[in-house]
Amino acid sequence: MSIALGNKYLSRGEDVVFGVREEFNGKDIEWKILRMQNNKVFGYCEAINKADVVLICCENEYLPLVCECLCSLEKRDKLVVDCTNGNYHPNFDCNTQYIQEQTEYSRVLKAFNNLGLDYPASDPMELVKETYYCGNGDLDKYRVKKIIELIGFKAIDVGSLQNAPLLEAFYHLRKQICDNKTEKVDYHFKLMSV
């Protein structure tokens, strides 16, 4: 997902840096191309430090490292967008709440998590054209809305940050539907008004 979103922003002329764990060695051609550019791929902390807006698109096992980097910042004025989903179990915890608790960071919003970390593999024909977002603070929510729309997605506001667990549950419901089908097909939801 990080490559797909990053490339969408790069194609719009935005300055993008990618944060990876120190031992990361991406095998995909996109990572190899990015690594050949001196100013695109950094460790988590350095990338977060360089960014004005931080999109968190990591596996859950690396979320504590990302939170440590957020805690190490001298200034806490960055906009942080959680694009992840907690692990599914009946009483699952929400990654967005975890990020806030671990970092005491106030400007955390949720968006893009409906795509899943396997995006765009889960949407090879790029039919998913909407994403949901939630957060507190009208100005921050407006900025996230514009960030979403910049790369061609319809931004659907689902309210305050207390709704972040609902967005993660929405993702897990989609995954459960996919897992219960015999054919290897991904399913996504489409919001309709009637």
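This is a predicted model: local features need pLDDT of at least 70, side-chain atom pairs count only at pLDDT 80 or more; totals for chains, interfaces and linings use all residues.
Where is the place of Met 36? Met 36 sits in helix 2, which covers residues 29-36, where helices (H or I, at least four residues) and strands (E, at least two) are DSSP runs numbered from the N terminus.

Residues are numbered from 1 along each chain as its sequence is written, and side-chain values use heavy atoms, with hydrogens and water left out.

Returning to Met 36, its relative accessible area is 67%, so this residue is exposed, a word that stands for over 50%, with buried under 20% and partly exposed in between (1.4 Å probe, protein chains only).

Five strands make up an open sheet with mixed pairing, in the order 3-4-5-6-7, and two strands pair if DSSP finds at least two bridges between them. Strand 3 (53-56) and strand 7 (154-157) are at the edges, and because each has a single partner strand, one side of each is left without a neighbour in the sheet.

Inside that order, strand 4 (residues 79-82) pairs with strand 5 (residues 108-111) in the parallel sense, over three bridges, and Val 81 stands opposite Leu 109 in strand 5. As background, strands of a sheet pair through backbone hydrogen bonds, either parallel or antiparallel.

Finally, over residues 4-86 the chain is 39% helix and 17% strand, and the end C-alpha atoms of that stretch lie 20 Å apart.
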